[in-house]
Amino acid sequence: DCLVAWSGTQSQSGRYLAWLEAGRDPKTYPEQKEGDETYLIVIHRDGKIERFENTGYPAVIEQGCYADGSGRDFALAALYLGCDARRAVEVASACTTSCGNGVDTLVFEDLAP
């Protein structure tokens, strides 16, 4: 009952997703390879946002909104200025060459309870 995203190396994301689907035991969190900066982001229906970095214990994001990756600062600025999440990603993609390739959005209303 959550939405899952990641930031970083897409080729490594499957390991993190498999860990999450297997029950997210902190002891079995995938070891990050040297130079890997892939982060798993879990958004719960109640609004709680968790970011998993190099351990199976999450950092809880308290701000109520979140952005990550190379366009993070641009996206947060757009959110601060009143843009919705989709537009914030579009702004970030226009302002840096390190992100882009389209925007996909999911909302909990699209998911069965």
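Residues are termed buried under 20% relative accessible area, exposed over 50%, and partly exposed in between (1.4 Å probe, protein chains only). By this criterion, 27% of the 113 residues of the chain are buried. The model is predicted: local features need pLDDT of at least 70, side-chain atom pairs count only at pLDDT 80 or more, and totals for chains, interfaces and linings use all residues. Residues are numbered from 1 along each chain as its sequence is written, and side-chain values use heavy atoms, with hydrogens and water left out.

The chain contains 3 helices and 4 strands. These elements are DSSP runs numbered from the N terminus, with helices being H or I of at least four residues and strands E of at least two. Their order from the N terminus is β-α-β-β-β-α-α. The radius of gyration is 14 Å, close to the 13 Å that the globule rule gives for 113 residues, so the chain is as compact as a globular protein of that length. Here the radius is taken over C-alpha atoms, and the rule is 2.2 Å times the number of residues to the power 0.38. Along the principal axes, the C-alpha atoms fill a box of roughly 40 × 35 × 25 Å.

Contact denotes heavy atoms within 4.5 Å. Among contacts between residues at least 6 apart in sequence, 42% join residues at least 24 apart. The accessible surface of the chain is about 7600 Å², and carbon and sulfur atoms account for 50% of this area. Areas come from the Shrake-Rupley method with a 1.4 Å probe; for residues, only the protein chains shown count as cover. The chain carries 10 positive and 18 negative charges, whose mean positions are 2 Å apart. Lys and Arg count as positive and Asp and Glu as negative, without His and the chain ends. Each charge is placed at NZ of Lys, CZ of Arg, CG of Asp or CD of Glu.

The largest nonpolar core has 7 residues: Tyr16, Trp19, Leu20, Tyr29, Leu40, Val42 and Phe52. Such a core is a set of buried Ala, Val, Leu, Ile, Met, Phe, Trp, Tyr and Cys residues joined through side-chain atoms within 4.5 Å. Helix H1 (13-21) and strand E2 (39-44) are the elements that give two or more residues to this core. H1 gives the most, with 3 residues. Another core, of 5 residues, lies apart from it and includes Ala67, Ala75, Ala88 and Ala92.

Leu20 belongs to helix H1. This residue is buried, at 14% relative accessibility. Beyond its neighbours within four places in sequence, Leu20 contacts Val4, Leu40 and Val42. Leu20 and Val4 are 16 residues apart in sequence, and their C-alpha atoms are 9.2 Å apart.

Cys2 lies in strand E1 (residues 2-7). Its relative accessible area is 27%, so Cys2 is partly exposed. With neighbours within four places in sequence left aside, Cys2 is in contact with Val42, Ile43, His44 and Phe108. Cys2 and Thr38 are 36 residues apart along the chain, with 19 Å between their C-alpha atoms.

Arg24 occupies the loop between H1 and E2. Its phi is near 50 degrees, a positive value in a residue other than glycine. Arg24 is partly exposed, with a relative accessible area of 26%.
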